[in-house]
Every structure is written in structure tokens, then in C-alpha cells.
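Sequence and structure first, then my entries.

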2 protein chains.
Amino acid sequence: MDADARRSLARLIRRSRIAALGTLRRGAPNVSMVACLPSADFATFWLRLSRLAWHTQDLSVDTRVSLSLCEADDGRADPQTLARVTLRGEATEIRGDDAAGESLRRGWLERFPASAVTFELADFSFWRVAPRDARFVAGLGRTYNVSAAELARAAQEGA
Amino acid sequence: MDADARRSLARLIRRSRIAALGTLRRGAPNVSMVACLPSADFATFWLRLSRLAWHTQDLSVDTRVSLSLCEADDGRADPQTLARVTLRGEATEIRGDDAAGESLRRGWLERFPASAVTFELADFSFWRVAPRDARFVAGLGRTYNVSAAELARAAQEGA
């Protein structure tokens with residue numbers, strides 16, 4: 001992955017507020033939309049999930065996830081040129097918002113002001129997705145396998 | 001699901017050109033972006049996949065899929081209000097574009113003109129995703145479990 005691709009990847013990751021989360025539901029794939037916040041170094045992708053949601057039930061059985069971030073479809077002639085990245089890894093619940101820390105809570109509320117109410121509800125908590133690797137499609141025919149180390153480098157250079 | 005929700009669902013499905021496809025990759029979830037075209041009755045969601053792509057390799061092992069269509073993030077204050085639907089079912093390859101039929105080929109090219117080149121390449125084929133059921137989130141807190149029959153009704157009323 002060259003410097004250009006790393007910059008595109010960092011831009012895509014920082015701009016994406018929503019992601020498609022893939023979980024296992026009774027052994028079958030289940031994809032749902034989630035709000036998402038990457039850490040500055042791309043080592044963690046934060047989710048805030050309700051225990052009542054299907055994907056959270058899925059995660060209580062199997063923590064393996066895939067997270068896909070995709071540029072919003074802007075109506076261009078060829079949607080295959082939209083940049084997207086698929087992250088794969090494990091999800092871990094942070095029990096109790098105190099444990100999550102003040103700076104994460106602040107960052108989350110800055111990005112998602114309407115989610116303030118979820119900090120009053122007992123069924124919401126933060127989940128950390130730590131990507132083991134990624135697959136980045138910068139556009140048609142420009143596909144990169146990205147290691148966690150390269151992801152960190154993209155975060156650093158694209159800052 | 002009331003008539004209003006059925007109309008919103010039909011609109012979301014007809015407008016979405018891209019979807020997040022969930023497959024199983026060595027037993028773990030894998031999510032990737034695909035171009036998508038629904039049939040008029042929502043009984044089939046057409047994909048056009050390259051045999052070289054990861055998701056197609058996944059489908060050659062296990063045909064169970066989840067397909068998530070989501071309104072494009074327009075930067076609104078609360079992205080949780082974006083409408084989205086998750087379909088679950090099986091994917092079946094249509095071997096040979098002749099078997100797919102002229103009207104599907106025409107419909108696909110109308111929606112994705114840049115994909116004309118894929119009809120010259122041997123590694124692309126159509127895949128039919130037949131949804132067994134769906135889960136529709138019309139917005140914050142408005143979630144519906146949707147049967148295949150209700151999906152058909154949404155297609156009919158929202159036409």
C-alpha cells in the first residue's frame with residue numbers, strides 16, 4: 001500500500017460515522033448498521049450497543065465480527081468506484097461507562113450528540129473492535145490486504 | 001407493519017444501489033460492499049459477482065447470506081435515524097448470462113452502465129438472493145420483523 005492509498009484509507013475511516021457490522025446469528029451471517037468511532041491510531045473501532053439488539057445477542061455467543069465502512073453513495077455513474085474497507089477482528093464489551101473513560105465518552109457525544117440518552121440507560125455499553133486485519137478497496141481494481149501495522153501507519157500518516 | 005412503514009421500506013429498497021453483503025469466511029463473518037438490484041416484487045435481490053472476489057469464494061462454501069441496505073449518511077445530527085433493512089436468505093448462482101435472461105441484463109446495465117465490461121469477462125455471473133425474512137429499522141426505535149409475504153406486499157403497495 002503506497003502513501004496515497006494510506007491517505008485515502010485514513011480519510012475513509014475518519015469520515016465514516018456508520019458501519020455495517022457482521023455477526024453470526026445461529027451460525028448464519030447477520031449484517032446490521034451501527035454507529036462507529038475509530039481511535040486516533042485505528043487500533044480500536046468503538047461501537048455503542050444496546051443489549052436488546054440482535055447483534056449484541058449475537059456477540060454474547062461469538063465475538064468474531066466484520067466491520068465494513070463504505071463511502072456514501074453519491075449517485076455517481078459507477079458505485080463500484082466507492083472506497084470501502086472491511087475490518088475483521090474480535091469485539092469486547094466494556095462493562096460500565098466509567099470503565100470506558102471520560103475521553104471516549106466525550107468523543108462519542110461529540111460525534112453523536114443524540115446518543116446522550118443512551119448514557120442514562122442501563123442496556124447500552126461500549127464495545128471495542130480490535131481489527132486483526134483489513135481489506136481496503138480504494139476503487140475499482142485497487143484492492144489492498146492491510147495488516148494491523150499498516151492500519152496504524154495509515155492512521156499516523158493521515159493524521 | 002403499517003402502510004406507512006411498507007412505503008418507507010419499498011422506497012429504501014428501490015433506491016439502494018449498494019448493499020453490505022454478509023458471508024461466512026472460514027466460519028467467521030465477512031462483510032463487503034456489492035452492487036444490488038431488487039426484482040419488482042422484492043422476491044429476488046440480484047448481485048453480479050466476480051469469481052475472484054472473496055465473497056464469491058465464501059458463497060462457494062456456504063450460500064447463507066445477509067444483505068443490509070442503508071440510507072446514505074447525509075450528515076444529519078443522528079445517524080441512528082437512517083432507515084435500513086437487513087435481509088436474510090440464500091444466494092444461488094445463475095450460470096451463464098444467457099440463463100439470466102435479457103430483461104435482467106438490461107435492468108442491470110440501466111442501473112450500472114459501467115458494468116458493461118463485466119459481460120465480456122468470464123469470471124462474472126449473476127447471483128440471486130431470495131430473502132427468507134427481513135428486519136426493517138425505519139428509524140430510531142421503529143423496528144419491524146418482516147416476512148417474505150410482507151416484503152411482497154410492500155413491493156406491491158409501494159410500486
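**Ground rules.** I'm working with a predicted model, where local features need pLDDT of at least 70, side-chain atom pairs count only at pLDDT 80 or more, and totals for chains, interfaces and linings use all residues. Residues are numbered from 1 along each chain as its sequence is written, chains are lettered from A and ligands numbered from 1 in the order in which they are written, and side-chain values use heavy atoms, with hydrogens and water left out.

**Chain A, overall.** I counted elements and got five helices and eight strands in chain A. Helices here are DSSP runs of H or I with at least four residues, strands are runs of E with at least two, and both are numbered from the N terminus. Reading from the N terminus, I get α-β-β-β-β-α-β-β-α-α-β-β-α for chain A. Its radius of gyration is 16 Å, close to the 15 Å from the globule rule for 159 residues, so chain A is as compact as a globular protein of that length. That radius is taken over C-alpha atoms, and the rule is 2.2 Å times the number of residues to the power 0.38. Along the principal axes, the C-alpha atoms of chain A fill a box of roughly 45 × 35 × 30 Å.

I checked burial next: 54% of the 159 residues of chain A count as buried. Buried means under 20% relative accessible area, exposed over 50%, and partly exposed in between, with a 1.4 Å probe and protein chains only. Chain A exposes about 7200 Å², of which carbon and sulfur atoms supply 51%. Those areas come from the Shrake-Rupley method with a 1.4 Å probe; for residues, only the protein chains shown count as cover. I also looked at contacts (heavy atoms within 4.5 Å). Among those in chain A between residues at least 6 apart in sequence, 66% join residues at least 24 apart.

**Two copies.** How does chain A lie on chain B? A turn of 180° and a shift of 0.0 Å along the axis does it, with an RMSD of 0.0 Å. That is the relation of a two-fold axis. In chain A, the C-alpha nearest the axis belongs to A72(A), at 2.5 Å. I superposed by least squares on C-alpha atoms of residues with pLDDT of at least 70 in both copies. The copies meet through the same surface, because 100% of the interface residues of chain A are interface residues in chain B too.

One residue I clicked on was A77(B), in the loop between strand 5 (64-70) and strand 6 (84-94) of chain B. A77(B) counts as exposed at 59% relative accessibility. Leaving out residues up to four places away in sequence, A77(B) touches R17(A) and P113(A).

**D58(B).** This one sits in helix 2 (residues 54-61) of chain B. D58(B) is buried, at 3% relative accessible area. Its side chain makes a polar contact of 2.6 Å with that of R25(B). I take a polar contact as a pair of N or O atoms within 3.5 Å; within protein, one must be able to donate a hydrogen and the other to accept it, and residues adjacent in sequence count only if both atoms are side-chain atoms.

F42(A), not a glycine, has phi near 60°. F42(A) is buried at 2% relative accessibility.
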